[in-house]
Amino acid sequence: MFDYEFIKKQDKEVYEAIVGEERRQAEGLELIPSENYVSKAVREAAASVLTNKYSEGYPGKRYYGGQEFTDKVEELARGRAKKLFGAKFANIQPHSGANANIAMYFALLQPGDTVLGMDLSHGGHLTHGHPVTYITKVFNFVRYKIKDTKTGEIDYEGMRQMALEHKPKILLAGFSSYTRELDYQKIAEIAKEVGAISVMDAAHIAGLIAGGALKNPFDFGFDIITSTTHKTLRGPRGGLILVREDEEIAKKIDKALFPGLQGGPLMHQVAAKAVAFGEALQPSFKTYAEQVLKNAKAMERVFKEKGIELVNGGTDNHMLLLNVQSGYGIDGAVAESALDKAGITLNKNVIPDDPNLPMRPSGIRFGVPAITSRGFDEVAVAQVAEIMHEILSDPQNEELITKKKEEVKELAKRFPIKESYV
Ligand SMILES: *Cc1c(COP(=O)(O)O)cnc(C)c1O
């Protein structure tokens with residue numbers, strides 16, 4: 001897409017890695033539910049001279065001079081983010097989703113305070129208190145679970161009991177491997193009952209919320225939304241924190257992020273976020289978000305017809321969790337690697353209370369945001385699901401995999417990566 005004229009002349013090694021990746025992305029099918037393809041406009045902004053600029057602080061309150069244009073770009077990004085989600089305040093400086101969450105914790109908590117979030121094997125994210133992360137040395141994380149993995153319904157009564165017992169300062173919703181819509185009303189009520197701040201980590205589904213395909217937690221009184229910008233929101237890699245209306249909370253978050261956690265913002269990424277938010281405000285993004293849900297449902301139908309067990313009984317969003325151990329008698333690592341050989345990229349994943357070891361979990365997780373950006377419709381995604389089923393039914397069959405790889409390439413060719421979405 002870019003010609004990389006200068007890298008090509010100056011640095012063959014990096015050049016070859018970049019064009020290799022470009023080819024990989026074009027020829028394979030990306031089913032990792034947290035990935036997407038940004039527009040060329042977003043990439044132009046990310047590659048712009050704004051990378052040269054230090055802009056520590058916030059618009060109008062910087063620690064360096066020369067901020068005429070960086071202020072403009074950050075204001076544009078903030079204004080568009082607020083409009084997209086119906087928030088009064090937005091901080092668009094987090095370098096990543098993880099940083100957004102860490103800043104949110106430090107803004108609202110004292111060491112030793114408690115966060116009630118979703119159990120990690122039931123769908124929560126590393127940054128929601130996985131023991132390998134440093135934040136668990138500072139804060140106390142307790143967890144609610146899914147009540148029934150046949151339906152995916154969350155145990156809201158269990159959540160309430162835990163909230164009453166542990167008195168969390170933050171009641172955290174959100175997930176990276178959960179397939180159902182949340183009952184924000186109930187969660188917000190429980191938060192209110194125990195005096196907790198309600199936070200939705202919408203990293204995965206922010207684009208579906210912005211596009212109006214899924215409910216907006218702010219409509220149910222949630223206080224804060226944290227997110228990434230590069231998943232369903234289809235922007236550059238980065239993070240985002242939105243505050244519905246409480247100015248005191250917004251001030252604390254700004255301070256916690258800078259100078260608390262980060263130094264200078266990545267202004268080229270901020271510019272790219274502004275461009276992506278501008279795209280998400282277009283009617284075409286609504287259509288995209290709706291198509292994502294339709295496509296996920298179309299894949300669900302194929303696996304259901306084959307009698308394969310879907311964790312949580314199916315999907316309301318962009319992703320699906322398959323129990324390949326029960327469905328095909330193989331573990332998630334075998335499934336991931338067989339599909340990878342055919343050019344279908346996804347990841348192995350634990351299922352709730354997985355009896356298998358984490359490196360060989362019972363499930364795979366996949367989703368449709370990236371292929372939907374390429375223009376895949378229900379018929380095309382059903383074809384992908386059929387290919388997956390054939391491979392998973394016979395994962396050692398190299399001949400079959402070679403044949404399927406050709407079909408995958410054909411499909412990829414029929415739906416080339418787009419340069420523009422507006
Ligand atoms: C992806 C994700 C994050 C982290 O985002 P990074 O940009 O990778 O740091 C945080 N929370 C949830 C729920 C996620 O899915």
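Across which strands does helix 7 lie? In this predicted model, helix 7, spanning residues 156-166, lies across strand 5 (114-118), strand 6 and strand 9. The helix runs at about 155 degrees to strand 6. Helix 8, made up of residues 184-194, lies across strand 9 and strand 10, and its direction is at about 165 degrees to strand 9.

These strands belong to an open sheet of seven strands with mixed pairing, arranged in the order 4-12-11-10-9-5-6. From one strand to the next, the twist averages 20 degrees. Strands of a sheet pair through backbone hydrogen bonds, in either a parallel or an antiparallel manner. Strand 9 (residues 170-174) and strand 10 (residues 197-201) run parallel and are joined by five bridges. Within this pair, Ile170 has Ile197 of strand 10 as its bridge partner.

Pro217 is found in the loop that lies between helix 9 (206-210) and strand 11 (224-228). Its relative accessibility is 0%, and because buried means under 20%, Pro217 counts as buried. Leaving aside residues up to four places away in sequence, Pro217 touches Tyr184, Met200, Ile209, Phe222 and Ile225. Glu74 is 143 residues away from Pro217 along the chain, and the C-alpha atoms of the two are separated by 24 Å.

Technical notes:
Residues numbered from 1 in each chain as written. Predicted model: local features only at pLDDT ≥ 70, side-chain atom pairs only at ≥ 80, totals over all residues. Heavy atoms only, no water. Pairing = 2+ DSSP bridges. Helix = DSSP H or I, 4+ residues; strand = E, 2+ residues; numbered from the N terminus. Axes fitted to C-alpha atoms, helices over the stretch in contact; angles between N-to-C directions. Contact = heavy atoms within 4.5 Å. Buried < 20%, exposed > 50% of the residue type's maximum accessible area, 1.4 Å probe, protein only.
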